[in-house]
Amino acid sequence: MADASPYVVWFEDFREEDRPRLGGKNSSLGSMIAAGLPVPPGFAVTTDAYELLRGDPELAAVVRGALSTTDADDPHKLRAVSAEIRSAMESHPIPAPVEEAIRSAYAAFSARCGSDAVGVAIRSSATAEDQPDASFAGQQDTYLWVRGADSVLEHVRRCWSSVFTDRAIAYRRAMGYEDHGVSMSVGVQKMVDPRSSGVAFTLNPTTGDRSQVAIDASWGLGEAVVSGEVTPDNFVVDKVLRCVVERTISDKHVEYRRGENGVEPYPVEDERRKVPCLSDEEICAVAMMARRAEKHYGRPQDVEWALDRELPDGENIILLQARPETVWSKKPRESVAHGHYDPMASIVSTLIAPIHKQ
C-alpha cells in the first residue's frame with residue numbers, strides 16, 4: 001500500500017533502507033510483517049516528520065534553552081525541564097504537510113479496516129531503541145484505543161515529546177548519548193482486543209536455558225501487570241517437546257480492557273481468578289510464535305503478544321513486538337548455570353511502557 005509522502009511508511013511496504021527513518025520498534029514491526037509473522041497492520045510516521053517539527057527555530061530555541069539548565073542529578077529540576085520541553089512540543093503546530101500525510105493515511109487505514117475511525121495503538125519508536133550497549137525500551141509513550149484523526153495527531157505529538165521524558169533525558173546523559181542524536185518515529189497500528197496478553201522469552205530468564213520458552217500471561221491488557229496490581233501466570237515450555245514443563249498460576253483479581261471511557265480496570269470473576277488464562281494449546285502456540293520470531297532474527301528474543309478475543313481459534317495469537325533479549329545473550333554459554341538473574345527486571349523492561357487511558 002504505497003504512499004508517496006516522505007512522512008508515512010506502511011508497515012507492509014517496509015524495506016531495510018527505511019530502518020533509519022522508522023526507529024527500532026517500527027522497523028521490527030515492518031520486518032516481522034514481511035516475514036509473515038502475525039502482526040497487526042498499520043503505518044509509521046517517519047523521523048522526517050519529527051525533524052521537521054523539531055527544526056522550527058522557535059521550538060528549537062526552547063528545547064536548547066531548557067536542556068542547557070538540565071542537572072541529571074537533580075530529579076526536581078529534571079522533571080521541570082522535561083515538562084517545559086514537552087509542553088512546548090505538544091502545543092506547537094504540526095507542520096501542514098505532516099498533518100496532511102497523517103490524516104490521509106489514517107483515513108485510508110480506517111477505510112481498509114471497514115471503519116470510519118478505526119481504533120489504533122500509537123507507539124513511540126525512537127532511533128536509539130535496542131542499541132547493543134543500551135536499552136531504551138519503555139522510555140517513551142504508548143497510547144491505546146485512539147480513534148479519530150484529531151486524536152491520532154494529538155497522540156503522535158505526545159509520542160514526539162516523550163523523547164524528553166525526565167527518565168529518557170537522564171538515561172541518555174548516563175549512557176553518553178546526545179539529546180539531539182535521538183529522533184522519533186511513531187507507529188499507528190490496529191488495536192487488538194486481548195482476552196489475555198503478556199510477554200514471552202525465547203530462553204528461560206531465570207537460568208538462561210535456550211531450550212525453553214518462558215511465558216508470563218494475565219487476563220486482558222498488560223496494564224495490571226505493569227502497575228503491579230496482578231502477578232501474572234508463568235509457564236515454561238520445552239522447545240523440542242513442545243509441552244509445558246512448569247506452570248505457576250496466580251490470583252488475577254483485576255484485568256484492563258476496553259470500556260466506554262477507554263482502557264479501564266474491571267474485577268475478574270471469582271471463577272476466573274485462579275485458573276490459567278491460557279490453555280495448554282494456547283501456551284504452546286504462543287511459544288511457537290515466539291520461536292518463529294527468534295528464528296527470524298537469529299537470536300533470543302523477548303516478545304509482547306496478545307490473544308485476540310475477536311479472532312477464531314488458531315488465528316488469535318498476535319505478535320505485538322519483538323526485541324533482542326539483552327541479559328543472557330551477552331553471557332558466555334558456559335555461564336548459564338552459574339549466573340543470577342531477576343526475571344522481573346526483564347519483564348518490566350518489556351512491559352513498562354506507559355499505557356494511557358483515552
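This is a predicted model: local features need pLDDT of at least 70, side-chain atom pairs count only at pLDDT 80 or more; totals for chains, interfaces and linings use all residues.
Glu12 has a relative accessibility of 36%, and therefore counts as partly exposed. Glu12 lies in the loop that joins strand S1 (8–10) to helix H1 (19–34). Its C-alpha is 6.2 Å from that of Ile33, although the two residues are 21 apart in sequence.

The protein chain has 358 residues, of which 53% count as buried. It contains eleven helices and 14 strands. If we take the contacts between residues at least 6 apart in sequence, 68% of them join residues at least 24 apart.

I turn now to helix H4. How does H4 pack against H6? Helix H4 (residues 75–91) and helix H6 (residues 149–161) meet at an angle of about 150 degrees, and their axes are 9 Å apart. Because angles over 145 degrees count as roughly antiparallel, H4 is described as roughly antiparallel to H6. The crossing of H4 over H6 is right-handed. On the H4 side the residues in contact are Arg86, Met89, Glu90 and Ser91, and on the H6 side they are Arg157, Arg158, Trp160 and Ser161. Sorted by class, this contact comprises two nonpolar, two polar and four charged residues.

H4 also packs against helix H7 (residues 166–175), where the axes come within 8 Å and cross at roughly 115 degrees. That angle makes H4 roughly perpendicular to H7. This crossing, too, is right-handed. Here Leu78, Arg79 and Ser82 of H4 meet Asp166, Ile169 and Ala170 of H7. The contact of H4 with H7 has three nonpolar residues, one polar residue and two charged residues.

Next, the nonpolar cores. In soluble globular proteins, nonpolar side chains tend to be buried together. Which residues touch the most other members of the largest nonpolar core here? Among its 42 residues, they are Phe43, Val120, Ile122, Val152, Trp160 and Phe164. Helix H5 (residues 96–112) makes the greatest contribution to this core, with six residues.

A second, separate core has 33 residues, among them Val213, Val268, Trp305 and Ala322.

Is Asp193 buried or exposed? Asp193 has a relative accessible area of 15%, so it counts as buried. It sits in the loop between strand S5 (184–190) and strand S6 (194–201). Outside its sequence neighbours up to four places away, Asp193 touches Trp145, Leu307, Asp308, Arg309 and Glu310.

Trp145, one of those partners, is in strand S4 (residues 142–146). It is buried, at 10% relative accessibility. Its phi is near 55 degrees, a positive value in a residue other than glycine.

Arg242 likewise has a phi near 55 degrees, positive in a residue other than glycine. Arg242, however, belongs to the loop between strand S8 (233–238) and strand S9 (243–248), and at 54% relative accessibility it counts as exposed.

Key:
Residues are numbered from 1 along each chain as its sequence is written. Side-chain values use heavy atoms; hydrogens and water are left out. Axes are lines fitted to C-alpha atoms, for helices over the stretch in contact, and angles run from 0 to 180 degrees between N-to-C directions. Helices (H or I, at least four residues) and strands (E, at least two) are DSSP runs, numbered from the N terminus. Angles under 35 degrees count as roughly parallel, over 145 as roughly antiparallel, 65 to 115 as roughly perpendicular and the rest as oblique. A crossing is left-handed if the near helix is turned anticlockwise from the far one by less than a right angle, and right-handed if clockwise. Contact means heavy atoms within 4.5 Å. Ala, Val, Leu, Ile, Met, Phe, Trp, Tyr, Cys and Pro count as nonpolar, Asp, Glu, Lys and Arg as charged, and the others, Gly among them, as polar. A nonpolar core is a set of buried Ala, Val, Leu, Ile, Met, Phe, Trp, Tyr and Cys residues joined through side-chain atoms within 4.5 Å. Buried means under 20% relative accessible area, exposed over 50%, partly exposed in between (1.4 Å probe, protein chains only).
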